[in-house]
Every structure is written in structure tokens, then in C-alpha cells.
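Trainee: Before we go through this chain, could you show me the sequence and the model?

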Amino acid sequence: MLTTLLDILHVFVCAVLMFVVLLQQGKGGGMGAAFGGGGAAQVFGGRGAGNLLTRATAVCATTFMLTSVSLAYLSSSGDRALRAKSALEEQKHSGKGSARPKETKADTKGDGHGAAPPTPAPASTSAPPAP
């Protein structure tokens, strides 16, 4: 429920942020001039829409960042819950004293009977005796 609400808010804020950024008048005029950027001075006052659009951009960008971080945290919480559930099941199985030993990496590479392959003897570091 919360994730769905954050997803909807995230997409909405993303669209508004794109719209607000495109409305701002850049050095070349931008889209703001195409939508009547010259008339913005009459509607928003002598300073034009620059101050309002700058504030709207900052609010949208902050909201976009917060929803991004929140969605990332919520998506990783499912991984934590799965790990916790797996750990509980592992404790249950080890607490029952099952006769089946835990599998190791050596078991999967060995002969299939749970026996680990023999380890080589360490090489001697002493030099052979001189004749």
C-alpha cells in the first residue's frame, strides 16, 4: 500500500519536475518563451516567473530525491525480511538435531557422498640435505 502510494507520488513529481524545468527560460529562451514567457512578467510581477519556478524546481527535486530513497529502502526491506525468515528456518532445522549434516561447497564439488576431496600435503620448506 505504502509502496504503491510512493510509486504514484514519485511518477507525478517526476512529471512535474520535467515540466517546471522545461518552463524555465534559459539563455536561448527555451520552452518558457514558446508558452508566452514574455507575458509571465505581467502575471507573476516585475521579476517574472523565475523566482516561482526556481522554488518549484527545488521543492520537486527534494521530493523526488526523498521518494527515490524511500522506495529504495522499502524495496530492500523485502530482502531483509527474507533473510530473517531464512535464518529462523535454519535455527529450527539445527535445533531439531537432524541427522543430515549441512552441505558445504566441498560437498557439491566432491563425489556426491558428502565427503570432501582430500587436501594436498603442504610443501616442505626445508632444503634437501647436501651430499
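Trainee: Which element of the protein chain has the highest mean pLDDT?

Mentor: pLDDT is the predictor's confidence in each residue, from 0 to 100, and the protein chain averages 75, with 55% of the residues scoring at least 70. Where pLDDT is low, the predicted coordinates should not be read in detail. Helix α5 (residues 105–109) has the lowest mean, 52, whereas the highest, 94, belongs to α1.

Trainee: How many helices and how many strands does the secondary structure of the protein chain have?

Mentor: Helices (H or I, at least four residues) and strands (E, at least two) are DSSP runs, numbered from the N terminus. Read from that end, the elements run α-α-α-α-α. The count therefore comes to five helices and zero strands.

Trainee: Are α1 and α4 roughly parallel or roughly antiparallel to each other?

Mentor: Axes are lines fitted to C-alpha atoms, for helices over the stretch in contact (heavy atoms within 4.5 Å), and angles run from 0 to 180 degrees between N-to-C directions. The axes of α1 (residues 2–23) and α4 come within 9 Å and cross at roughly 150°. Angles under 35 degrees count as roughly parallel, over 145 as roughly antiparallel, 65 to 115 as roughly perpendicular and the rest as oblique. The two helices are therefore roughly antiparallel.

Trainee: Is Cys60 buried or exposed?

Mentor: Cys60 has its place in helix α4 (residues 50–95), and, leaving aside neighbours within four places in sequence, Cys60 is in contact with Val13, Val16 and Leu17. Buried means under 20% relative accessible area, exposed over 50%, and partly exposed in between (1.4 Å probe, protein chains only). Because its relative accessible area is 11%, Cys60 is buried.

Trainee: Which residues is Thr67 in contact with, leaving aside its neighbours within four places in sequence?

Mentor: Thr67 also lies in helix α4, and at 4% relative accessibility Thr67 counts as buried, in a chain of 131 residues of which 12% count as buried. With those sequence neighbours left aside, the contacts of Thr67 are Leu6, Leu9 and His10.

Conventions: Residues are numbered from 1 along each chain as its sequence is written. This is a predicted model: local features need pLDDT of at least 70, side-chain atom pairs count only at pLDDT 80 or more; totals for chains, interfaces and linings use all residues. Side-chain values use heavy atoms; hydrogens and water are left out.
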